[in-house]
Structures are given as C-alpha cells and as structure tokens.
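Q: Could you take a close look at the aromatic side chains in this one and walk me through how they sit together?

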Amino acid sequence: MKKSVLCIVLCLAFLIPSAALAGGSKPACATKYPVILAHGMGVSPVILGLINYWWGIPEALDEEGADVYITSVNGMDSTASKGVAWAKQVRQILAVTGAPKANVIGHSHGCLYTRYAITNCGLGAKIASHTSVGGPHRGSSIANLIVYDLPSPLVSVGADVINFLYAYLLGDTNPDVLQNGYDLCTDYMTGVFNPNTPNINGVYYQSWSGKAVWGCNSVLVTPTWLILLGMEGDNDGLVSVNSAKWGNFRGVMKAAWWSPGVDHLNEVGQFFGFTPGFDAGDFFVDIVSNLKTRGY
C-alpha cells in the first residue's frame, strides 16, 4: 500500500512517467538515502514511449534493496533550465519520502545539470553523493564541431526544426537545442560552467567513463567516436575519458577483451541491453552497493 501511495503522489506531482521503485528484499543496495537517476541530453526516461532509457537498471537496483526514483527534464534545453526543473523534482522526492538527502547518479548531460542544481539551486545540503557516468565535465569537441564549424544558417534552421520536433512530438516545454549545444562546448565548460559550479563541501563526487576500444556496439556513435579519437583521444563515442573525470575518478568501464568496449549508449544498457562482458544493471548495482558501504 505504501508503494502505491508513493507512486500516485509522485505522478500527480508530475515527477516522472514511471515514478518510484521501492526497495526489494535484498540489502546490497539498501542505501541510507534514496537513489535518483538523471538522464542525458535529447531523450526522456521512456524514449518515444517505447524504449526505457535506463534499460532495466532501476529494476536491478530495486531487486537489491534500493529506493530508486527516475527524474525527467527537457531533452533539449540549457543546462541551467534543466537544473532548475530537476531541483524541483528532487525537493518533491525528499518531501514525499521524508529523506533528508539523496544519492544522485547522472548519465551524460545528466551529470551536468545535476551538478548545476546542487551548486546553484540550493541543493547542496540535500545531496549525499553525486555519481557521474559518461559526463562531459570538460565539454565535447563534437559539440564544438556542430556549434562552431557548421554554417550558421544551417545551425539556425536545424535548431528551429529540432525545437519544433521536441516541443510538438516529444513533449519538451520551450526546448532550446542551440543553447544545449553551446553549453556542451569545451570552452564554455572549462571557462564558464566549471568555475561557476564548484563542488559543494559535504557532497561526495565520483565518476566513471566508458571507452570504445576498436569500435562501437552502438553504430550511431561510431562516426563521432572516430572524430573524437583524433581530437581528444580515448572516448565512448560522445565524451572523452578525460572529460568524464570528476571528483574521485573510479575508472573506465570494462567489457570482454574481444568486444568493442563500452560506448556512450552501452553505459546505460542501450543497444538492446547487450554489450559483451558488460552488464549495465550489475554495474549500477555495484555503484549503489559501494555507496551503501561508504555510508550514503
């Protein structure tokens, strides 16, 4: 009954399409504070109403005793706008659960707008830990190429078309794809965002990176992997290993020695959840289990 009430309350508060997954019977991931998952750019927790962004990860955590909440912000928008929207959802989750703090796990752009919210939206005292998975903390040269190197008229027209699609087909509220792109450029991240978004004392920050070794399971990011390989070195198809490092860098996600590695989409179980030698659900269970060990 308690689980049902929580789900109803959160849905009425417009939190997420699929609300909370309350803890199961096993204690490995029974952390002191609830776990909040923050998705990346260009998507929602359920992509086109068909594909779960987190691909079985919440269920895997639930089975190991975690209290998991899935937040949802505009797919295309500025980091600041996403951060404000996300901060509101965090406060709603904490109000409903009665928990004083939360453990945050972000993927891709979800690592940045959550950092922004913690530092600039008054959430510092409400977050116990911040875990980044494939986060572009120093930006991405792919964003530079799109924003700075493509002809300006093409960028402008393309942005208008994408904004229209996200607003009328995917449900974004006042999407801003161009600002989203600018906010991921390397000069903005290193010269503006990071200096104005310092880590908050008392919050444990850690990070992980993916790495495509000789190709990408996710064909969509193979061209960008090759481009980024020449510009920034080892990367997951969208974010370099160096850019993904923030706080306590825990390392590069490993796959089978013969596989292409773990690319940006594999990190959250995409490519139909199949990455030889890597299981996203198990990986996230390890993350949360370690947070429990650390007292979070």
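A: **Aromatic rings up close**

Arg-115 sits over the face of Trp-246, 3.7 Å from the ring centre; that label needs NZ of Lys or CZ of Arg within 6 Å of the ring centre and within 35 degrees of the ring normal. Before going on: this is a predicted model, where local features need pLDDT of at least 70, side-chain atom pairs count only at pLDDT 80 or more, and totals for chains, interfaces and linings use all residues. Residues are numbered from 1 along each chain as its sequence is written, and side-chain values use heavy atoms, with hydrogens and water left out.

Now the ring pairs: the structure holds 8 of them, a pair being Phe, Tyr or Trp rings (for Trp, the six-membered one) with centres within 6.5 Å. Planes under 30 degrees apart count as stacked, over 60 as edge-to-face, and the rest as tilted. Tyr-204 and Tyr-296 are stacked, because their planes are at 10 degrees, with the centres 5.6 Å apart. This pair links distant parts of the chain, 92 residues apart: Tyr-204 is in strand E8 (residues 204-209), and Tyr-296 is in the segment after helix H11 (280-293). Helices (H or I, at least four residues) and strands (E, at least two) are DSSP runs numbered from the N terminus. Tyr-204 is buried at 13% relative accessibility, while Tyr-296 is partly exposed at 21%. Buried means under 20% relative accessible area, exposed over 50%, and partly exposed in between (1.4 Å probe, protein chains only).

Phe-283 and Phe-284 make an edge-to-face pair, since their planes are at 85 degrees, with centres 5.7 Å apart. Phe-283 is buried at 9%, and Phe-284 is buried at 0%.
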